[in-house]
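I opened my notebook for a first look at this one. Here is what I looked up, entry by entry.

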Amino acid sequence: MTVASRAPTLRQRVLEIISDGPAIPETILARLRAEGVRTVLTSVRPRCSELVRMGLIRDSGRREKGEGGCNAIVWRLSTPEEQQRFAQKRDADKGAGR
């Protein structure tokens, strides 16, 4: 299985984990590994970025200690209202030729 073919599956799993409650990438990675998923942090972080670009998750405004003691973003699920506003903005931007 190639990385490209695993990305949608990994992205979906990351979304499912965040839907269980806000989490930092390191926590998401630990959950994935506990489920037997062989992946690395450098694969989890881009999936979070993709989910942000899709309007499905957001920065909670909180930070927790991550790898190496750095402050990591605690990601949370977007509310239905936030998802709707995101979709409306995306559609308006497409209509404006952006």
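**Entry 1: a helix pair.** I began with α2 and α3, which pack at an angle of about 120° with their axes 9 Å apart. (Axes are lines fitted to C-alpha atoms, for helices over the stretch in contact, and angles run from 0 to 180 degrees between N-to-C directions.) This is a predicted model, where local features need pLDDT of at least 70 and side-chain atom pairs count only at pLDDT 80 or more, while totals for chains, interfaces and linings use all residues. I also noted that residues are numbered from 1 along each chain as its sequence is written, and that side-chain values use heavy atoms, with hydrogens and water left out.

Which residues make the contact (heavy atoms within 4.5 Å) of α2 with α3? I found Pro25, Glu26, Ile28, Leu29 and Leu32 on α2, and Leu41, Val44, Arg45 and Cys48 on α3. By class, that contact has 7 nonpolar, no polar and 2 charged residues. (Ala, Val, Leu, Ile, Met, Phe, Trp, Tyr, Cys and Pro count as nonpolar, Asp, Glu, Lys and Arg as charged, and the others, Gly among them, as polar.)

**Entry 2: the core.** Next I looked up the largest nonpolar core, which has 15 residues. (Such a core is a set of buried Ala, Val, Leu, Ile, Met, Phe, Trp, Tyr and Cys residues joined through side-chain atoms within 4.5 Å; buried means under 20% relative accessible area, exposed over 50%, partly exposed in between, with a 1.4 Å probe and protein chains only.) The elements giving two or more residues to this core are α1 (3–19), α2 (25–34) and α3 (41–53). Of these, α1 gives the most, with 5 residues. I then followed Val14, which touches Ile28, Leu32, Val44, Arg47, Cys48 and Leu51, not counting residues up to four places away in sequence.

**Entry 3: α3 by itself.** I listed its buried residues: Leu41, Ser43, Val44, Arg47, Cys48, Glu50 and Leu51. After α3 comes Gly55, with a positive phi near 80°.

**Entry 4: Arg63.** I found Arg63 in strand β1 (residues 57–65). Is Arg63 exposed, partly exposed or buried? Arg63 counts as partly exposed because its relative accessibility is 41%. Its C-alpha atom is separated by 5.0 Å from that of Ile73, 10 residues apart along the chain.

**Entry 5: the whole chain.** I counted 4 helices and 2 strands, in the pattern α-α-α-β-β-α along the sequence. (Helices, H or I of at least four residues, and strands, E of at least two, are DSSP runs numbered from the N terminus.) Buried residues make up 30% of the 98 residues.

How values were computed
Contact means heavy atoms within 4.5 Å.
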